[in-house]
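Please read the following short report alongside the sequence and the 3D view. It goes from the overall fold to one strand, and then to charged side chains.

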Amino acid sequence: MSDFPTVTFQAGQRIFNAGEAADHLYFIQEGTVQLLDAQGQVFVEIADGESFGEQAFLKGGVRGASAQAKTEVSCIQIASEEANQMLSEASPLWVPVFEAL
């Protein structure tokens, strides 16, 4: 995954908002991210080694939750086009499977 950019978010910084286009997938290298519901309430915290923003695999995907950095966070960021290209290179069957989910 070293070919993908690493992005850093400061504690309290919003990464994305619910309802926005899902254009990137993130893998946390270091730090903690909070996922928030429509009322702004934290419903889960994720940390090192976990991913979020999987809606980026869907054509026309929309964010179902908001994400913000709880601590300083370093993430690998993968654009949706790149994520879909990786899936189709692994096996063309994976793209429609993820879209069906």
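## Report on the predicted model

In the hairpin of β4 and β5, which has five residues between the strands, Gly-40 takes a positive phi near 85°. This is a predicted model, in which local features need pLDDT of at least 70 and side-chain atom pairs count only at pLDDT 80 or more, while totals for chains, interfaces and linings use all residues. Residues are numbered from 1 along each chain as its sequence is written, and side-chain values use heavy atoms, with hydrogens and water left out.

**Overall fold**

The protein chain contains two helices and eight strands. Helices (H or I, at least four residues) and strands (E, at least two) are DSSP runs, numbered from the N terminus. Along the sequence the order is β-β-β-β-β-β-β-β-α-α. Of the 101 residues in the protein chain, 40% are buried. Buried means under 20% relative accessible area, exposed means over 50%, and partly exposed lies in between (1.4 Å probe, protein chains only).

How many of the five residues of β4 are buried? Strand β4 (residues 32-36) is mostly covered, with five of its five residues buried. On one side these are Thr-32, Gln-34 and Leu-36, and on the other Val-33 and Leu-35, so named because "buried" is the term for under 20% relative accessible area.

Strand β4 pairs with two other strands; two strands pair if DSSP finds at least two bridges between them. Strand β5 (residues 42-47) runs antiparallel to β4 and is joined to it by five bridges. The pairing of β4 with β7 is also antiparallel and has four bridges. Val-33 takes part in both pairings: its bridge partner in β5 is Ile-46, and in β7 it stands opposite Ala-69.

**Salt bridges**

Side chains of opposite charge can pair when their charged atoms come close. A salt bridge is a side-chain nitrogen of Lys or Arg within 4 Å of a carboxyl oxygen of Asp or Glu. The structure holds two of them.

| Salt bridge | N to O distance |
|---|---|
| Asp-23 and Arg-63 | 3.9 Å |
| Glu-45 and Lys-70 | 3.2 Å |

Asp-23 counts as partly exposed because its relative accessibility is 38%, whereas Arg-63, at 4%, counts as buried.

The other salt bridge joins Glu-45 and Lys-70. Glu-45 lies in strand β5 and Lys-70 in the loop between β7 and β8, so the pair ties together parts that are 25 residues apart in sequence. Glu-45 counts as partly exposed at 39% relative accessibility, and so does Lys-70 at 42%.

**A loop residue**

Is Ala-65 buried or exposed? Ala-65 is buried, because its relative accessible area is 14%. Ala-65 is found in the loop between β6 and β7. Its C-alpha atom is separated by 7.5 Å from that of Gly-19, and the two residues are 46 residues apart along the chain.
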